[in-house]
Amino acid sequence: MLASILMARKTEYVSVAFWIALCLLASIGVSRLALDADYSAYFAKDDPLYTEFKDFQHKFSRQDELILLLETGPENTFPLKDDSISRFKAGLSELPAVNRVDGYNPNEFESATSLALSHKAKSVNIGFISPDANAVILSVSFNVEAVKGTKALLESVSSVNRYIEQFDIDFAPPFQVYYSGALALNWQYISVLKHDLFWFIPGLAIMFSLMLLLVVREKMWLLGIATSSLITMFLTLGLAGWGGFILAAISGFIPVVIVSLCVAYAVHLFFGWRNALDEGVDEQKALQQSLSINIKPLFWGALTTAMGFTLLVFSPSPPIQDFGKLVAFAVMVNFLVNLTILIPIAKRAIPMACSQKVNRGFFARIQVVSWHYRTLFLGSGLLLSLLAIYSVSSLKFDDDAMNYFPDSNLFSQSKLKMEQHFNGVNQLYYVVASQEKETHKPFDGVGIAQQDYVSRINQFSRFLRKQEEVLQVHSIVDWIRFYGLGSNRLNQVLSAPVQINAQASRLINADASASVVTVDLIPMTAAELISFEEKVAEWELQNDSEISIGQGLSQSIIFAHLSLSNAKTMLYSFGCALLFLLLIVTLLKGSFKLGGLALAMNLLPLIWVFGLWQWLGGGLSLGSAVVMGMMLGIIIDDSLHLLLKVDERECGKGLSKTFTSVMPAVAFTSLLLLLGFALGLSSDFFPIVELSFLSMLIVAFAFLFDLIMLPMLMILIAGGEHD
């Protein structure tokens, strides 16, 4: 009945008009698509730690900057004998987008009159020149509008890059420039997204075209599958534009997931059609038969997949939330597009004599062998599952947001240079507030000039320097000692802020009620960073004082907490997905045993993969944590095709026939998903590489469970014998 309605000519006209109208509406949304290159896109605007960090940046003049590391060859040291640095800085300062250039100063000493802090000339390059004098640091601050939005940011940083390239050509300076800092990080986020899309989109088109041409071959089916996939993708992009969804670096994997799923779902209909043709049914009835057999598992498969991706909305990271929303939308839309676009196109298909027939013999032999050696398979599966569970029990949270890029990436190269010449890029900032933070008047001689405050800073710094993770500690005490400021002189300086240089303004807030203690750390993972932070919090608890020490702040620590929070929410979401799966299959089959079987057959592949992942040294990170709920919804689709197409009351012969007819489609869709996810391995963004690798393993293991374990256990549960 449904097939007849869908294949009616009037229905075709209505469907075409409906989808064309939606595509026209979506085209407006597509025109509004915007990529977000800012690392802050990964944080919710009401995230307390992120909000505190941005407030810290504002109060202590630490806006996001582009850091340039200038490295000389082994034959040169800074200061250079020529004026190339002065020319270089002058040219940078003249760029329209640049507000100022700070950091290393070729005129190494500043006079007492220019600074009004000391009666002696002092070096202004402390912290900006490496101990071996082979590298210096410049910080480039941009005008606010010049870095507002991805397009403006990209143009501003690119203008600096073009200037540096031209400077190299014109003057051949004796130094090489490396890019670091928050704006370099943002720049590379957009670069990896562009790189991934450049490879993913043509890679998908070529790979799936070849696979479909080898197996499907019928032109109308190829046209229908391509059309339904393109409509689904276009409508999803339209939704992203209309909804203002955040498209960050991890979003580059969205087209891969959507297209892979679209093609996989459509292939089930094609194989159903081919099966019916092989049984001698004519083309129209074959299509009706395919639709009647596949409609139920396709619907429930789409629903469970959408449910798995919808659970990503519980992630604390907006790009991951939007990732889940967009794929869930695409899956449900594709179900409708297949019914109203693919089916009407496919009804015009003419079977080709050279078309690849469905080979069932291989899967029939596998079924016979697995049943014959069922004790061996079940025993081995149980043993491996126990080992995997043991391994998973040792799986720990671990991530490193500073190592998301490959070694060839500009940010990765600069990170290595920062570690080679300076103290690296891993820092924590602690805001230490005076005890009268709320009541004292600006510059009234109290606040950070109090003796108790200075003593507290010294006490805290001594504790930090004793920690093995700490390379160096910087505080206002170092600044005071450097300029030899006594108590009275310090009060005078704080009461006249014009006397404070730019470096000091990054240490002291506007009303002199708080200062920053900067801690340079060895390279650390997210878990190690959070562990260090907890150690500091424990020390503060044991050394209580009215002078408060705030939570550690930096890009690294807020990413660490984001990754930890994401891992926790994904685990909770995974539990919800398991319960949903159990409920769906139990209700559909009217059997709690079969519901439990479906749960086990789709849970165990994930346990095996994450057990192997832990054994290989992996952990729960931003990429790997997303995989759990997402992949559970995907792999259950093939199990549903087996479970919903077999009548367990005739489990022996019924399952044998259904198994041999369904498994070719399951095998081909698993291969398509495997190859689709394999594209992610070419990504320049490590979370996508992790997600792809784990997804590939899960698809492969899930196929093996569907091929061997599921039919065998269904027979055993029903108490039947293999025919």
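Predicted model: local features only at pLDDT ≥ 70, side-chain atom pairs only at ≥ 80, totals over all residues.
Reader: Which residue forms a salt bridge with Asp 322?
Author: Side chains of opposite charge can pair when their charged atoms come close. Here a salt bridge is a side-chain nitrogen of Lys or Arg within 4 Å of a carboxyl oxygen of Asp or Glu. With the closest N and O atoms 3.7 Å apart, the partner of Asp 322 is Lys 325.

Reader: About how much of a helix separates Asp 322 and Lys 325?
Author: Helices (H or I, at least four residues) and strands (E, at least two) are DSSP runs, numbered from the N terminus. Both residues belong to helix H11, residues 318-346. Because they are 3 residues apart there, the separation is about one helical turn.

Reader: Which helix holds both Asp 55 and Lys 59?
Author: These two also form a salt bridge, at 3.2 Å between the closest N and O atoms. Asp 55 is partly exposed at 35% relative accessibility, and Lys 59 is partly exposed at 42%. They are 4 residues apart, about one turn, and both lie in helix H3.

Reader: Glu 218 and Arg 274 meet in a salt bridge, but how many residues apart in sequence are the parts that this pair ties together?
Author: The N to O distance of this salt bridge is 3.2 Å, and both residues are buried. Glu 218 lies in the loop between H7 and helix H8, whereas Arg 274 lies in helix H9 (254-278), so the pair ties together parts whose separation in sequence is 56 residues.

Reader: Over how many bridges do S1 and S6 pair?
Author: Glu 71 has Gln 176 in S6 as its bridge partner, and Ile 67 stands opposite Ser 180 in S6. Strand S1 (residues 66-72) and S6 run in the antiparallel sense, and the number of bridges is 6.

Reader: How many of the 7 residues of S1 are buried?
Author: One side of S1 shows Leu 66, Leu 68, Leu 70 and Thr 72, and the other shows Ile 67, Leu 69 and Glu 71. Both faces are covered. The number of buried residues in S1 is 7.

Reader: How far apart are the C-alpha atoms of Asn 602 and Asp 637?
Author: Asn 602 sits in helix H21 and is buried, with a relative accessible area of 1%. Leaving aside neighbours within four places in sequence, its contacts include Leu 581, Leu 632 and Ser 639. Asp 637 is 35 residues away along the chain, but the C-alpha separation is 9.9 Å.

Reader: What is the area of the nonpolar surface patch that includes Trp 615?
Author: Trp 615, in helix H21 (592-615), counts as exposed because its relative accessibility is 66%. Patch residues have over 30% relative accessible area and no salt bridge, with like charges joined within 9 Å and nonpolar side chains (Val, Leu, Ile, Met, Phe, Trp, Tyr) within 5 Å. Areas come from the Shrake-Rupley method with a 1.4 Å probe, and for residues only the protein chains shown count as cover. Together with Leu 616, Leu 681 and Phe 693, Trp 615 makes a patch of about 440 Å².

Reader: What share of the protein chain counts as buried?
Author: The chain has 24 helices and 10 strands. Of its 723 residues, the buried share is 57%.

Conventions
Residues numbered from 1 in each chain as written. Heavy atoms only, no water. Buried < 20%, exposed > 50% of the residue type's maximum accessible area, 1.4 Å probe, protein only. Pairing = 2+ DSSP bridges. Contact = heavy atoms within 4.5 Å.
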